[in-house]
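Dear colleague,

Please find below the structure that I am handing over to you. My notes on it follow directly after.

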Protein chains: 2
Amino acid sequence: MSPRPRKEQRHPDLQSAIKDAAWQQIGRYGASALSLRAIAREVNITAPSIYNYFPNRDALVTALIIDAYTSFGDSQLAARDSLPADQLAARLKAIGAAYRQWALAYPQRYQLIFGTPIPGYEAPFMEVLPYAARALSALVSVIDQLRLQGRLKAENYPSVQPGDEQQFEVWKSFAGDYDVFSLAVSLLVWSRVHGLVSLEISNNLPPFGIHGDALYLYELESITAQFIKE
Amino acid sequence: MSPRPRKEQRHPDLQSAIKDAAWQQIGRYGASALSLRAIAREVNITAPSIYNYFPNRDALVTALIIDAYTSFGDSQLAARDSLPADQLAARLKAIGAAYRQWALAYPQRYQLIFGTPIPGYEAPFMEVLPYAARALSALVSVIDQLRLQGRLKAENYPSVQPGDEQQFEVWKSFAGDYDVFSLAVSLLVWSRVHGLVSLEISNNLPPFGIHGDALYLYELESITAQFIKE
DNA sequence: ACAATAATCATACAGCGTTTGTTTTTGTTT
DNA sequence: AAACAAAAACAAACGCTGTATGATTATTGT
């Protein structure tokens, strides 16, 4: 029966305030501890009020994931553009380094994107696709440049089967007009950095005297040595 | 106030029955939907009764993880031993293939081990170590054999820093007496197959015409080409 | 035979996401 | 200016969760 608060004493942008509180909680207690009621307490509203800004918990999580992808994509694109466009190998390594740096700086965001920390949540593919595509486009653009210059070394790479062209068209409309083969190679490169980083983030890399820094650098060198000519 | 049931009408092995029901639930509704109360309903006991067999929910999850690691380790060791001991490259590929096959056959178990699907749960490292070490030992044993035969190609591999010898000793007591350098190389190999498989399992590999089978085979070939001489 | 132990249950608590119905402010239309 | 519709907040409740407590009873050991 409480009255609706005056406009002045309300939060100016509750939608953002809710997301901020969510990130704060995720950073403090982990993504799995995310709770609408706790967020509401933080923002000084009641839990059902959140439903005025997000239809349900999953929609809030999706919004968080999109924000995380945007932050991640910013980092990837900035790393690529921090080096001249003609130094493709250096750009590739910079993107790889930025990948791990961002993941170590925001491990909770990384797990929110690539792990499954929210019980029962499944990311809506088509909704997230634009932001995921943009984030991956930094890598794909470099690979595609290498391909155009004839410096991409992937002779026996598995052939791309036709069949999902229209989904790829959607992808291109967000990531840029790159060849599908470059995307295919990028997926493997991505899986390598993702493999190492995800193991490191989730503490599944036993610290038996091997440091993540050196191992990751070695893997980046392996990638460039395998996929770049000369 | 209900009496304790007669011995005959009780489940002969409630500890196993609870775990079986848990696996059944994980297989049906996913690991994140695991619920002590639902398990209790399945086994026809009350939820607090589970506490007679597991001190809390996390202990049950740990027991499930250990079972999953055992199943995974069985698969890895069987794959290795399915080929003669002198065909090391073939053994390596068989282990890699078994890795993905097991993951695709039991995606929920895979995510239970390597993901973080249970809210608030953190695996007790020292408790799980023996079973994780055994599972990884199949790969490490082959890598170490290659090293002993001088066929391991990893010249510029990052050096192993001393400092965690005692933890490594514990590891060896469960996995076998292999060189720490072989373990270090195995970690990178593992991260590669893990990267691809985890992306595939979590549906983060967009099906843009690239089939998991072919891509995975290509990656296995890349691994053998990079790390095995001649 | 009797005491101790172990296993089970009912009950309860606090927390969760979500639904429903109500109240009040806000913005628009007449 | 008055009337009205929409939006935004609230309280209360539902069914779910993991877990603690205390009572009760079947089994086991002496």
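This is a predicted model: local features need pLDDT of at least 70, side-chain atom pairs count only at pLDDT 80 or more; totals for chains, interfaces and linings use all residues.

Residues are numbered from 1 along each chain as its sequence is written, chains are lettered from A and ligands numbered from 1 in the order in which they are written, and side-chain values use heavy atoms, with hydrogens and water left out.

The two domains of chain A

Domain 1 of chain A and domain 2 of chain A bury about 650 Å² between them, 65% of it on carbon and sulfur atoms; buried area is the accessible area (1.4 Å probe) that two parts lose on being put together, summed over both. In domain 1, Trp23(A), Ile26(A) and Ala31(A) lose the most area to domain 2, together 66% of what that side buries. One salt bridge is found across this interface, the term meaning a side-chain nitrogen of Lys or Arg within 4 Å of a carboxyl oxygen of Asp or Glu. Asp67(A) forms a salt bridge with Lys19(A), with the closest N and O atoms 2.9 Å apart.

Helix α2 of chain A

Helices are DSSP runs (H or I, at least four residues), numbered from the N terminus. In α2(A), residues 36-43, the buried residues are Leu36(A), Ala38(A), Ile39(A), Ala40(A) and Val43(A), where buried means under 20% relative accessible area (1.4 Å probe, protein chains only). These residues pack against α1 (14-29) and α3 (57-81) of chain A. At the start of α2(A), a side-chain oxygen of Ser35(A) comes to within 3.3 Å of the backbone nitrogen of Arg37(A). Asn44(A), with a positive phi near 65°, follows the helix.

The interface of chain B and chain A

Between them, chain B and chain A bury about 4,200 Å², 66% of it on carbon and sulfur atoms. On the side of chain B, Leu187(B), Phe208(B) and Tyr218(B) lose the most area to chain A, together 17% of what that side buries. The two chains share two salt bridges. In a salt bridge between Arg192(B) and Glu219(A), the N to O distance is 2.7 Å.

With kind regards

Technical notes
Buried means under 20% relative accessible area, exposed over 50%, partly exposed in between (1.4 Å probe, protein chains only). Helices (H or I, at least four residues) and strands (E, at least two) are DSSP runs, numbered from the N terminus. Contact means heavy atoms within 4.5 Å. A polar contact is a pair of N or O atoms within 3.5 Å; within protein, one must be able to donate a hydrogen and the other to accept it, and residues adjacent in sequence count only if both atoms are side-chain atoms.
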